[in-house]
Amino acid sequence: MTESTHTVTGMACGYCAESVAEELERIVGVTAVTVDVDSGTVVVTSGRDLETADVRAAVEALSRCGWPPLTVTEDGLEVAATCTVSDLLAFARAPGQAWPRARTLIADCCRAFSSSFKVWNTATVGGNVCLALPAGPMISLAVALDGMCQVWGRDGRRSRVPVTDFVTGPGRTVLRPGDLLRSLHLPAAALTRPVAWRRVSLRPLGRSAALVTGTRASDTGRTSIAVTAATIRPVVLTFDQPPAATVLHDA
């Protein structure tokens, strides 16, 4: 028997670990797979020397899941959990398309990743949300645009959870062992609102120290201001009209 160690990026929950293990166990000769989600380390035990290419092919096939990265409907935008940051940024940059204001916000949040383009090509929207880091830019984006998480339960049940409720603290979400984040739904009404975005970092290319997004309903003036990165979970303040500085301070 031989053991080989591999690194798999994008895992965020028990379902990810089980899926990776099941896919790798399909490879001829593999007898055992141990997955550590936190470190992204996968140890494969096999009866023969295992080619790294075999492991990479299995994981890449799993990561696609057959889900389209982005689906535009009359109801809004469906972002698959497996959609990469680079796919989302390409969507935001497409000229002459619907929701120009929201696309600007999407692009800004994608660029808030303190990573290289190589990471953007592998990091996923769902992975960033499920990691539940305070500075997670996809969390900031989804909160600003009233995002809803579509969750597939291990028991077969499907539910929708607002992103503001999905993240419960640093590294914590409502996902139970075996649950899966399928997608994020951004409603059309939120995608058409005027938006504002400000980011503060301790270093020019560092992680966000505070990320504030604001949206305003064109018909009613109802204003929502979301704060992430500086808080342990997303905080959303809602006002009937754009607040004065003193009102916002008191809130």
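Ala90 counts as partly exposed, because its relative accessibility is 47%; buried would be under 20% relative accessible area and exposed over 50%, with partly exposed in between (1.4 Å probe, protein chains only). You'll find Ala90 in helix α3, residues 85–93. Helices here are DSSP runs of H or I with at least four residues, strands are runs of E with at least two, and both are numbered from the N terminus.

A quick word on the model: it is predicted, so local features need pLDDT of at least 70 and side-chain atom pairs count only at pLDDT 80 or more, while totals for chains, interfaces and linings use all residues. Residues are numbered from 1 along each chain as its sequence is written, and side-chain values use heavy atoms, leaving out hydrogens and water.

Now for the sheet. Five strands make an open, antiparallel sheet in the order β4-β5-β10-β6-β7; two strands pair if DSSP finds at least two bridges between them. At the edges sit β4 (70–73) and β7 (158–162), each pairing on one side only. Four bridges join β4 to β5 (residues 76–80), and Thr73 has Gly76 in β5 as its bridge partner.

What does Arg182 touch, not counting residues up to four places away in sequence? Its contacts are Trp67, Ala80, Ala81, Gln150 and Trp152, where contact means heavy atoms within 4.5 Å.

Finally, the largest nonpolar core has 47 residues, and Leu145 is among those with the most contacts inside it. Such a core is a set of buried Ala, Val, Leu, Ile, Met, Phe, Trp, Tyr and Cys residues joined through side-chain atoms within 4.5 Å.
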